[in-house]
Amino acid sequence: MTDTVASGSERLLTFGPFRLMPDRKVLLAGDAPLRLGSKALDILIVLTDRAGEVVAKDDLVASVWPDTQVDDANLRVNIAALRKALGEGRDGARYIANVPGRGYCFVAPVVRAEAAVAVPSPAPLVPGAAPHALPVRLTRVLGRAALIQTLSEQLPARRFVTLVGPGGIGKTTVALALAEAVGARYADGVRFVDFAPVTDAALGDASLAASVLAGALGVAVESIADLGGILQDRKMLLILDNCEHVVGTAAVLAEAVLRGAPGVHILATSREPLLAEGEWVQRLASLETPPVTAMVDAAQALTYSAIALFVERASASVGTFTFGDAEVPLVIEICRGLDGIPLAIELAAARLDLFGLRGLAERLHDRFALLVRGRRTALPRHQTLRATLDWSYELLPPVERSVLHRLAVFAGGFSMESAVIVAGDALLTRTDILVALSNLVAKSLLVADVGGDGPQYRLLEMTRAYALEKLSASGELPRVLRRHAECHRDLLVRAEQEWDQRPTAEWLEVYGRQIDNLRAALIWAFGPEGDTCLGVALTAAAVPLWMQLSLMNECREAVRRALETVPPLPADAPPGPEADAAMRLLSALGLSLIYTKGPAPEIRAALGQALTLARRLDAVDYQLRALWGLYVETFNEGRYAQALEISDRFRAVAVRSADPVDLMAADRMRGFALHLIGDHAAGRRYIEDGLRRYVRPAHRGHLVRYQYDQRVAACVPLSVILWIQGYPDKATAMVAMAVDEARRMDHALTLGYVLSTAACQVSFLVGDMVAAHRHVGLLQDQSTRYGLGPWAVLGRYFRHRLHWAQGDAASGLAGMGAALTELEALNFRLRHIGYLGEWAEALGQAGQGRQGLAAIDRALDRSEAQGIRWAMPELLRIKGELLLSEDDPDVPPVAAAHAAEAHFQDALSWAQRQGALSWELRAALSLGRLWRRQGRPADAHALLTEVQGRFTEGFQTADLIAARDLVASLSQDMAHPAAHGASDSAAPALPIPSVLSADVNPSGLREPWDGEVVTFPGIAC
């Protein structure tokens, strides 16, 4: 609905579909006025007046801002807005060119004339009233498209919506964008009412608020009650902006309009709800940043609205700014540190020219010094971050100010009860604090998460920094920091008491979110003004939380710091709090070292002392933890016979435990050790017995004691045993189940253990390179993210093994060797002889037989010396293959073939005695190929057919496919013997090994399980 106002004779510039009247500062697109900011319009007038000329930037700034010093960024922003309004680029249209180093040029043809022009303008609400246009947005709206769409659908039904959020969140921006989206629906248009200019002195003056509204509407009213009658026949959208300091008056005004004017819809913005009848509250969330765990590149990062806003504003501020993968981590850090608040992000981007990207990230700790230069055209409270918060803070009553100050010591989320403990004092009762919490949430100074068992609160980082300044200035900071630390000590003591009683998900929901508060409390406790005794108690209580969250590096360093402050306990120290704390800390130190540094004397010393203290205190739980840690330490060093002895000591303590998982753990420990010394059948029997007795508990408290879920962990040795015994499909299925279960429970140590000790290995054993690639990638991600040192090295070994398998021989071999050397340096030898054998075989296949023989001899020597027989058949087979591949002029081919055949037969014999059908098949393949070359296809065919025939599954795995192909080739050889005669240099045939024979042992290695007695050295405090 418009009226036409004649303008008379004046200058008229025409270009494209546009008509510009510079004297009236009106731009028309066709016959419709084009809404444009005043500065952008001034720039357009200057450029069109000098169309075809390059106008220097300084000249443009001097013309548009004659009495003001402004940054180039202001000019760039307005040029961008102007180009967007003109539709530059649409259908090839081009209007404004940037001439680098010189300025801007208007390049479209301009026709100049003088004419009498009729200018349409919005109709006033009543005759003679001035129209009221919406404020101009100079920047795009990012990250709000879905919300604007939803609100545009809901507004007709709800009639009255209030956008609520903290300062700078973008409430007005969303309101304007929504108005643009739905404005055409309203016959009488959109009216924008800004209450920001209403001063403190007029807060209670309803007539002044009514006058502000009346001015926007172009009407005269004496009271709010008159508005309903005046607007009763109108169909319009009314935007009430910045209502937080006039909430009562705005509520009365809105109710009066809604009752009297059914065709009027209201969209309000405020930092707190108006609490008016019929109001629907829509809280605005921060802009999105990538999840903390996400690894994204530049393209992916730009799909998150906070990142996109920063990059857009940074590009406008610094023309040379580029955003590539190298910049992603810093930009994400900046946007997260600014809570995804649009205003803060814009202010930060505007400082990029001064500090650079890294400088911005480093200065986030002092946000108020950093974010001080906003747009000069912005409202005063939006020109600096401090001004934005000052606006909200000054509206708070004294009680709410005090509570806000004290809550600033929370570094993360906190519960209502924690807030009462930390913020309370003699003058502030529980009721006072609960009321203040509710009001601070309503005023968008506190964020509430009402999901879960009870509400959780948190302060945005900017609000927290502001409130901490106020708390420090009040002199209360030291007292409140102590109270915060004491609160979390008590909270984590309760958490430890509950970790084996509550379901794990519930336990983590309650206590897992306290990790940031724990860190802050420990920094204070061990700081110059802290309390180290309180810090030690807090550290000891926090161990279950670190274990559940798999934060082993953090646990290790925190425990070390605490132990440095604890005086040594005498050998005869009586039981007490000091001994209890030392036991807990020593146990945690030993266990965390296992997963971050690998086997070391420090681990044995810490766990030995913890075990002594646990016995003195008769602490069954900590005896089990210490013995478990000693088992893992010994196990990882490859001392499996000694680990077997520790598992028996563990069982003797586990029978005193009320938790059935402990006896299952004892079975698993013994079964794994038996498997690695070569008794696969007994090892499988113990592990399966433990699994049969396993009853899934409601909680996973054993994660704290053993670091892994025990049911999942039992699948680790069992899957490898199943493959060795000839069940490749069952092994693959078990690995898949274990990986899925570990990922489902979201426990990093359990998943890392499955991947490093079973999943990657089984994938290679069955020849599934797709699964191997997937599992290796997961292992590297987990070990890197959580700082799990030995597993990170294993991840590199498997990655290079993949490279080798995919044809990158040089890189693969070198990487495998380097990783094995690193594992040796860490003294991490779990399954090490198997990896050494794989590397040796790869060396031989690459023509480096001599180096391969040295590696396989090292593996065989270690296997013999330490009684590690789980891979003995495979090592012997690989030695035979290397003997065949080595081109040694001093060794005749016949002798090499004879020696190789002896090793293949020895491998078969070991495999038969161990019941290791898959090792037996590999040995048969190697021997069968040799016999084929020697002209003995019938013997090879008989051997392979018999071994292959004992498999009941796994027919699509690599070894069985190879066996099937070789049998087919041997059948052809037997059908055409003349074409496949024996070689002149064939070695004399050795007898075919009997599947039932246990006497063949050409290598001279000792038989497994010779009955040696192994003792474990005593552990002293």
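Ser587 is found in helix α25, which spans residues 577–596. This is a predicted model. The chain has 44 helices and 16 strands. Of its 1021 residues, 55% count as buried. Among contacts between residues at least 6 apart in sequence, 70% join residues at least 24 apart.

- Leaving out residues up to four places away in sequence, Ser587 touches Leu607, Ala610, Tyr622 and Arg625.

**Nonpolar cores**

- In soluble globular proteins, nonpolar side chains tend to be buried together.
- In this model the largest nonpolar core has 178 residues.
- Trp546, Tyr595, Trp628, Tyr631, Phe650 and Trp791 have the most contacts inside that core.
- The element giving the most to this core is helix α34 (residues 748–766), with twelve residues.
- Another core, of 53 residues, lies apart from the largest one. Its members include Ala179, Ile332, Ile345 and Leu360.

**Packing of α36 against α37**

- Helix α36 covers residues 789–805, and its axis comes within 7 Å of the axis of α37.
- The two axes cross at roughly 160 degrees. Angles over 145 degrees count as roughly antiparallel, and α36 and α37 are therefore roughly antiparallel to each other.
- The crossing of α36 and α37 is left-handed.
- On the α36 side, the contact is made by Pro790, Val793, Leu794, Arg796, Tyr797, His800, Arg801, His803 and Trp804.
- On the α37 side, the contributors are Ala809, Ser811, Gly812, Leu813, Gly815, Met816, Ala819, Leu820, Glu822, Leu823 and Leu826.
- By class, the contact of α36 with α37 has twelve nonpolar, five polar and three charged residues.

**Packing of α20 against α22**

- Helix α20 (residues 477–498) and helix α22 (residues 515–525) have axes that come within 9 Å.
- These axes cross at roughly 125 degrees, which makes α20 oblique to α22.
- The crossing of α20 and α22 is left-handed.
- From α20, the contact draws on Leu481, Arg482, His484, Ala485, His488 and Leu492.
- From α22, it draws on Asn517, Leu518, Ala520, Ala521 and Trp524.
- The residues of the contact of α20 with α22 divide into seven nonpolar, three polar and one charged.

- Asp618 is not a glycine, yet its phi is positive, at about 55 degrees.
- Asp618 lies in the loop between α26 (601–616) and α27 (620–636).
- The relative accessibility of Asp618 is 47%, so this residue counts as partly exposed.
- Arg831 is another residue other than glycine with a positive phi, near 60 degrees.
- Arg831 sits in the loop between α37 (809–826) and α38 (832–845).
- Arg831 has 1% relative accessibility and therefore counts as buried.

- Ser657 is in the loop between α28 (640–654) and α29 (660–676).
- Ser657 and Asp621 are 36 residues apart in sequence. Their C-alpha atoms are 7.7 Å apart in space.
- With its neighbours within four places in sequence set aside, Ser657 is in contact with Val620, Leu624 and Asp662.
- Gly787 is in the loop between α35 (769–785) and α36.
- Gly787 has a relative accessible area of 24%, so this glycine is partly exposed.
- Gly787 and Tyr595 are 192 residues apart in sequence. From C-alpha to C-alpha they are 8.5 Å apart in space.
- Not counting residues up to four places away in sequence, Gly787 touches Asn553, Tyr595 and Thr596.
- Tyr595, one of these partners of Gly787, is also among the residues with the most contacts inside the largest nonpolar core.

Definitions and conventions: Residues are numbered from 1 along each chain as its sequence is written. This is a predicted model: local features need pLDDT of at least 70, side-chain atom pairs count only at pLDDT 80 or more; totals for chains, interfaces and linings use all residues. Side-chain values use heavy atoms; hydrogens and water are left out. Axes are lines fitted to C-alpha atoms, for helices over the stretch in contact, and angles run from 0 to 180 degrees between N-to-C directions. Helices (H or I, at least four residues) and strands (E, at least two) are DSSP runs, numbered from the N terminus. Angles under 35 degrees count as roughly parallel, over 145 as roughly antiparallel, 65 to 115 as roughly perpendicular and the rest as oblique. A crossing is left-handed if the near helix is turned anticlockwise from the far one by less than a right angle, and right-handed if clockwise. Contact means heavy atoms within 4.5 Å. Ala, Val, Leu, Ile, Met, Phe, Trp, Tyr, Cys and Pro count as nonpolar, Asp, Glu, Lys and Arg as charged, and the others, Gly among them, as polar. A nonpolar core is a set of buried Ala, Val, Leu, Ile, Met, Phe, Trp, Tyr and Cys residues joined through side-chain atoms within 4.5 Å. Buried means under 20% relative accessible area, exposed over 50%, partly exposed in between (1.4 Å probe, protein chains only).
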